[in-house]
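Let's take a walk through this one together. Have a look at the sequence and the fold, then read on.

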Amino acid sequence: MESLPIVIQILSLSGALGFMYFIARLIIKGKLREEYSFIWIACTIILIVFSIWRKGLEQISLALGVFYPPSLIFLAAIFAIIIFLVHLSVVNSKMQQSVKELTHEIAFLKKELAQLREHDKLESLGTPLVTES
Amino acid sequence: MGGTDFRVLIVVPCYNEEEAIATVVAEINYIKHQYGLNLDVLVVNDQSTDNSLAVIQKLDCLYLNLPVNLGIGGAMHAGYKYAFRYGYDVAVQMDGDGQHPAEELPKVLQPIFEGRADVVIGSRFLERTGFQSTYVRRLGITYFRWLNQSLIGKAIHDSTSGFRAFNRRTICITNAYYPDEYPEPESIVQFGLHKLRILEVPVIMRERQGGTSSITLAKSIYYMFKVTMGTLFVYIRLQNKQRNYGVVTDCYSDT
């Protein structure tokens, strides 16, 4: 495989940096929690490394005995995506559990509030009767 | 029957049961006065999309109105938590669709009052009377019986029955954990591993009085799969807990 031409190297480097800037913006604006940003920052760092280290992919493929270097990218990318999806499922399960707990608490509070209101209403209704007698 | 010193909470999960719920509550209240029971009815409205909430609010009962639809497991869990927090001695689950006649209530309560069992399950199949459910459903129930028997060594004939009574210890256990979706067969394994005394009593069930079953034919395969997974995982989880800590719960009979 030919080494990557300089144009594509600059393009991929600027793309990776742009992506990193985008992630950073999301974190600063509070739209992305830090714990989820780690994986994205890690991804951009890998992108930057391979944009600079032009022969890296070929050398790693050779070392691992992979015949066609781009297939290594696919393998790594799919693996990373699956891991991240499992992570999201775990986060989602935790969230579902929290929603259930919160729903229970809100239902209990609503019930107590209704009872308190009922109690207040009875008291305020009772007051004039007492003053009359 | 005795048991007036026991505070009983009847938990009725309600999802779109505007036609049946009033009768269900009225029947329970009738039995309450007939036997002089110290009993409260708690209807858990699980975000019904019909007029259920308005109907419930006019009835002589307590009610919880869940702000988010949680499904039967989440709704029942809310009821058991309520029973635990407000110090009830006995909790009974009864469906909101009128399948479980209130006249059968004393049968499931009596063994708890006498201290003969921790969990009482009203079973359709011990005596073959009343509504026996559909063929496909019975096939599934046979499978669950086999699954339960191989995991906890006790055959429960009607493991999908939602007509059950719990004593205080069981309430404490369900307060801490209750399965989310299709909880009935899974919770039997949970109770078995907590070494609770499970007793089945024959009851007569009716065909549902209104609404539609939460389990349609299309969902039944998913149901079987989900329940099998849930049952196996709760089994493994509690077995590990038992191995690591010696006990599976902090709930003892006097809690």
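Predicted model: local features only at pLDDT ≥ 70, side-chain atom pairs only at ≥ 80, totals over all residues.

After H4(B) comes B:Gly115, which has a positive phi, near 70 degrees.

## Two residues with a positive phi

Here's a handy bit of background: most residues other than glycine have a negative phi. B:Gln47 is not a glycine, yet its phi is positive, about 55 degrees. Look for B:Gln47 in the loop that links strand S2 (39-45) to helix H2 (52-57) of chain B. B:Gln47 has 17 other C-beta atoms within 10 Å, so it counts as partly exposed.

B:Tyr182 is not a glycine either, and its phi is positive at about 45 degrees. You'll find B:Tyr182 in the loop between helix H6 (168-176) and helix H7 (183-193) of chain B. Is B:Tyr182 buried or exposed? B:Tyr182 counts as buried, because 21 C-beta neighbours lie inside 10 Å.

## Helices H5 and H8 side by side

Now for a pair of helices. In chain B, helix H5 (residues 135-152) packs with helix H8 (residues 220-245) at an angle of about 10 degrees, and their axes are 12 Å apart. That angle is why H5(B) is described as roughly parallel to H8(B). H5(B) brings B:Val136, B:Gly140, B:Phe144, B:Leu147 and B:Leu151 to the contact, while H8(B) brings B:Ser220, B:Met224, B:Val227, B:Thr228, B:Thr231 and B:Tyr235. Sort the residues of this contact between H5(B) and H8(B) by type and you get 7 nonpolar, 4 polar and no charged.

Let's zoom in on B:Thr231, which belongs to helix H8 of chain B. B:Thr231 has 23 C-beta neighbours inside 10 Å, so it counts as buried. Setting aside neighbours within four places in sequence, B:Thr231 is in contact with B:Leu147, B:Leu151, B:Pro185, B:Glu186 and B:Val189. B:Arg243 comes 12 residues away from B:Thr231 along the chain, and their C-alpha atoms are separated by 18 Å.

## Over to chain A

Chain A has 4 helices and 0 strands, which gives the pattern α-α-α-α along the sequence. Of its 133 residues, 5% count as buried. Among the contacts in chain A with a separation of 6 or more, 50% come from residues 24 or more positions apart.

The UniProt record (an unreviewed entry) lists "transmembrane region" at residues 6-24, 36-53 and 73-91 of chain A. In the model, residues 6-24 of chain A are 100% helix, with the end C-alpha atoms 27 Å apart. Residues 36-53 of chain A are 94% helix, and there the end C-alpha atoms are 27 Å apart. UniProt (unreviewed entry) also places a "coiled-coil region" at residues 92-119 of chain A; in the model that stretch of chain A is 100% helix, with its end C-alpha atoms 40 Å apart.

## Where the chains touch

How many residues does each chain bring to the contact? Chain A gives 9 residues and chain B gives 11. The side of chain A that touches chain B is made up of 4 nonpolar, 2 polar and 3 charged residues.

Note on methods: Residues numbered from 1 in each chain as written. Chains lettered and ligands numbered in written order. Axes fitted to C-alpha atoms, helices over the stretch in contact; angles between N-to-C directions. Parallel < 35°, antiparallel > 145°, perpendicular 65-115°, else oblique. Contact = placed C-beta atoms within 7 Å. Nonpolar A, V, L, I, M, F, W, Y, C, P; charged D, E, K, R; others polar. UniProt positions renumbered as here; feature names shortened; annotations may be inferred. Buried ≥ 20, exposed ≤ 12 C-beta atoms within 10 Å, placed from the backbone.
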